[in-house]
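Please keep the model in view while reading.

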Amino acid sequence: SQSNCVQGRQTLTRAELDELCKPSGLYESCSWEAKTVRKLIKQRKLAGRLSGKDDRITGLEQQCPICLLHYDEINTINCCKATICTECYLQAQNPRER
């Protein structure tokens, strides 16, 4: 389960949410509606759309097994506890089947 605290606060500012909802550019398109993604990120049900790194910098980043990039914030799938970045999740999961 992900915490909804960002830097000690319970809610995100509009600017923070805007930044977390901006596509990272990993994929050319996304079948999800932007407002749905924004709502899920705001509710902390989905990690932010962060740009992945080729290498770990702090050692705390987690690797997405699909794109093989490292992220400060990543999603954990409930059934098997596997990790997946938001961009790969949005590509793999049909928005109408979630």
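## Helix packing

Helix α1 covers residues 14-21 and helix α2 residues 34-42, and they pack at about 120° with axes 10 Å apart. The contact, meaning heavy atoms within 4.5 Å, involves Arg 14, Leu 17, Asp 18, Leu 20 and Cys 21 of α1, together with Arg 38, Ile 41 and Lys 42 of α2.

## Basis of the model

This is a predicted model, in which local features need pLDDT of at least 70 and side-chain atom pairs count only at pLDDT 80 or more, while totals for chains, interfaces and linings use all residues. Residues are numbered from 1 along each chain as its sequence is written, and side-chain values use heavy atoms, leaving out hydrogens and water.

## The cavity

There is one cavity of 30 Å³ or more, where a cavity is a set of points on a 1 Å grid at which a 1.4 Å probe fits but cannot get out. Lining residues, which have an atom within 4 Å of a point, are Gly 48, Arg 49, Leu 50, Tyr 71, Glu 73, Cys 85, Thr 86 and Glu 87 for the largest cavity.

Methods. Axes are lines fitted to C-alpha atoms, for helices over the stretch in contact, and angles run from 0 to 180 degrees between N-to-C directions. Helices (H or I, at least four residues) and strands (E, at least two) are DSSP runs, numbered from the N terminus. On a 1 Å grid over the protein atoms alone, a cavity is a set of points where a 1.4 Å probe fits but cannot get out, and a pocket is an open set with protein on both sides within 12 Å along at least five of seven lines; lining residues have an atom within 4 Å of a point. Grid points are joined across faces, edges and corners, and a volume is the space filled by probe spheres set on the points.
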